[in-house]
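Let's take a walk through a protein model together. Have a look at the whole chain before we zoom in on one piece of it.

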Amino acid sequence: MLLFGSLAAAQSPRKGGYIENIALCNGSDRTSLTARIDGCTAFIASGQGTTRALAIAYNNRGNAHTAKGDIDRALQDFDQSIRLDQSSARPFNNRGAAYLRKGEYDLALKALDEAIKLNPNYARAFVNRARVYLRKNEYDRAAKDFEEAIRLEPNLEGAWSGRCWTRAILGSLQAALEDCNKALQSWPNDAATYDSRGLIHLKMGQADAAISDFSSALRADPKLASALYGRGLARLKRGDKTGGDADMSAARTIQAGIDDDFTRYGVRNSN
């Protein structure tokens, strides 16, 4: 959300850094998160913005806090943005994504439902809600939301990979494989997509292909527990007990209960 659209309605800037603060608060790939936060904070403190502009500034600062991993501060900013302007879907979506990161799934769903109510064409909100449903093990609902996100915005990062993972869990393996391949065409270094495709190959009984995909996922994200566990299962199927046990042990260290997760995904350790 950009502040420049609100500039004309704001008071005439008297401070030399006013326009610069707006630019920093809007952010860009080259603007550091700290600079974005500082720019938004200075703009808010200036008292020169309209109510709408202030709502955008709080939302933007909340996004920067989220990116820094400071979820509690982010939630405070999203709440303030919503208090100032309850008509915008964006801070509701961002609040839902923040609650998802905290593991507070019911609060996340409440916020994302409101975002979608305000903007039924908000593809990112559907992706975020699908991710909440995944965490709640409600895979059919997750699949529907990923499908709607793809319909609304076919090039949205994460939607194809997310639907691939969901379909892999549900057992629609060929459709899942097509989704993963589609995602990797546009995002060839995405660990989650390789992880998803590894699960597909594992469920298809293709251990070598599964090991290759899980290893690709781990090159991008060495701490990805599901890829470690999946590769361990594939190595066991290949007769590599030492390598398989090592991978699965490492996965359990990172993520407790991962054995139960894979049982729910439809893959059991029979060794």
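Start with helix H5, which runs through residues 71-84. What does H5 pack against with its buried residues? Those residues sit against two other helices, H4 (51-67) and H6 (89-102).

Now for the details of H5. Keep in mind that this is a predicted model. H5 has 14 residues, and going from its first C-alpha to its last takes you 20 Å, close to the 20 Å expected at 1.5 Å a residue.

Which residues of H5 are buried? They are Ile71, Ala74, Leu75, Asp77, Phe78, Ser81 and Ile82. Because these residues cover an arc of only 165° around the axis, they end up on the same side of H5.

Okay, zoom back out. The chain's secondary structure is made up of 16 helices and zero strands. Its C-alpha trace spans about 75 × 30 × 30 Å along the principal axes. There are 271 residues in the chain, and 50% of them count as buried.

How about contacts along the chain? Take the ones between residues at least 6 apart in sequence: 48% of these join residues at least 24 apart.

Technical notes
Residues numbered from 1 in each chain as written. Predicted model: local features only at pLDDT ≥ 70, side-chain atom pairs only at ≥ 80, totals over all residues. Heavy atoms only, no water. Helix = DSSP H or I, 4+ residues; strand = E, 2+ residues; numbered from the N terminus. Expected span 1.5 Å × (residues − 1). Buried < 20%, exposed > 50% of the residue type's maximum accessible area, 1.4 Å probe, protein only. Arc of directions from axis to C-beta. Contact = heavy atoms within 4.5 Å.
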